[in-house]
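This report describes the sheet, the helices and the aromatic rings of one protein model. Please keep the sequence and the structure in view while reading.

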Amino acid sequence: MAESYPNSKFTGVDVSFVFPEAIRPPNVSFEISNIARELTFADNTFDFYFQRLMIVALNRSDYALALKNAYRVLKPGGYIELVEPNLGDFGKMGPLLKDLLNTMSALMEMKGMTPNLGDTLEDLLKVAGFVNIQVIVKVFPINHTNKIGKLWWEDIERGYHNVRPMLALKNPDFEEPGCYKKYLDGIADECAKHMTDSRLHIVYAQKPFN
């Protein structure tokens, strides 16, 4: 996006320094900050705020606080875009993926997270004060068909690598990284074989002008 809009400035945020070094357009900067605590930006800073795939990173109260912070740092009239799935909203699943999602859903509920987060985005944005909300649901292939399918699997795989300690509570074998990688590789192969897909909720909203 930064290369497509060279006259705009982009700021990436994460809680730790995991930002790309090899590819960084001159109009991109990065900052360490926690979206669910206190964003280190002044009020009314940004025209556009993009957030995706926080479904396994934030619990319900943290997600609501992240939207409150987004509202604060957006300029009046600025837009927010959220992209999240429902954890169980997958088509043509194989047994490995089905087992993983069932286990993950149970663990998320225990930790106060929202497995069906995509369905709740519109209401969360309304509570945060946003208006002109638009919801789009798109179907994406997982590890098959095209580049989008490959990239979407890479996102899913990265997310599940991050929650390996949580899943190891249910399956101690996952404490061994090699064992867990083999398990995820099996899911990748299964998705390609079954032509698995998933639905992503893409939601846009606007901060009121006054």
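Helices (H or I, at least four residues) and strands (E, at least two) are DSSP runs, numbered from the N terminus. The model is predicted, so local features need pLDDT of at least 70 and side-chain atom pairs count only at pLDDT 80 or more, while totals for chains, interfaces and linings use all residues. Residues are numbered from 1 along each chain as its sequence is written, and side-chain values use heavy atoms, with hydrogens and water left out.

## Aromatic rings

Tyrosine 180 and tyrosine 183 both belong to helix α6, where three residues, about one turn of the helix, separate them. An α-helix has 3.6 residues a turn, so residues three or four places apart point the same way. Both tyrosine 180 and tyrosine 183 are buried; buried means under 20% relative accessible area, exposed over 50%, and partly exposed in between (1.4 Å probe, protein chains only).

Rings of Phe, Tyr and Trp (its six-membered ring) pair if their centres lie within 6.5 Å; planes under 30 degrees apart count as stacked, over 60 as edge-to-face and the rest as tilted. Five aromatic pairs are found in a search of the whole structure. Two of these pairs are set out below.

| Pair | Centre to centre | Angle between planes | Type |
|---|---|---|---|
| Phenylalanine 174 and tyrosine 180 | 5.0 Å | 65° | edge-to-face |
| Tyrosine 180 and tyrosine 183 | 6.5 Å | 25° | stacked |

Through such ring pairs, Phe174, Tyr180 and Tyr183 are linked into a cluster. Phenylalanine 174 is buried because its relative accessible area is 7%, and the value for tyrosine 180 is 0%, so this residue is buried as well.

## The sheet

An open sheet is formed by four strands in the order β3-β4-β6-β5, with mixed pairing. The edges are taken by β3 (46-52) and β5 (131-141); each has a single partner strand, so one side of each lacks a neighbour in the sheet. From one strand to the next, the twist averages 15°. Two strands pair if DSSP finds at least two bridges between them.

Strand β4 takes part in two of the pairings described here. With β3 it pairs in the parallel sense over six bridges, and phenylalanine 48 has tyrosine 79 in β4 as its bridge partner. With strand β6 (residues 197-206), β4 pairs in the antiparallel sense over nine bridges. Of the 18 residues of β4, 13 are buried, so the strand is largely enclosed by the rest of the structure.

Glutamate 81 is a residue of strand β4 and stands opposite tyrosine 204 in β6. Is glutamate 81 buried or exposed? Its relative accessible area is 13%, so glutamate 81 is buried. Contact means heavy atoms within 4.5 Å. Residues up to four places away in sequence are not counted, and glutamate 81 then touches Phe48, Tyr49, Phe50, Gln51, Ile202, Val203 and Tyr204.

## Helices

Helix α3 (residues 117-128) lies across β4, β5 and β6 and runs at about 155° to β4. Helix α4 lies across β3, β4, β5 and β6, running at about 105° to β5. For these angles, axes are lines fitted to C-alpha atoms, for helices over the stretch in contact, and angles run from 0 to 180 degrees between N-to-C directions.

Helix α2 (residues 95-110) consists of 16 residues and reaches 23 Å from its first C-alpha to its last, close to the 22 Å expected at 1.5 Å a residue. The expected span is 1.5 Å times one less than the number of residues. Which residues of α2 are buried? They are Leu97, Leu100, Leu101, Met104, Leu107 and Met108. These residues lie on the same side of α2 because they cover an arc of only 130° around the axis, an arc taken from the directions from the helix axis to the C-beta atoms. On the other side of α2, Pro95, Asn102 and Met110 are exposed. The cover over the buried residues of α2 includes β4 (74-91), α4 (147-162), α5 (164-167) and α6 (177-194). Just after α2, glycine 112 has a positive phi of about 75°.

## A buried loop residue

Isoleucine 35 is placed in the loop between β2 (28-32) and β3. Its relative accessibility is 14%, so isoleucine 35 counts as buried. Beyond its neighbours within four places in sequence, isoleucine 35 has contacts that include Val13, Tyr49, Gln51 and Met54.
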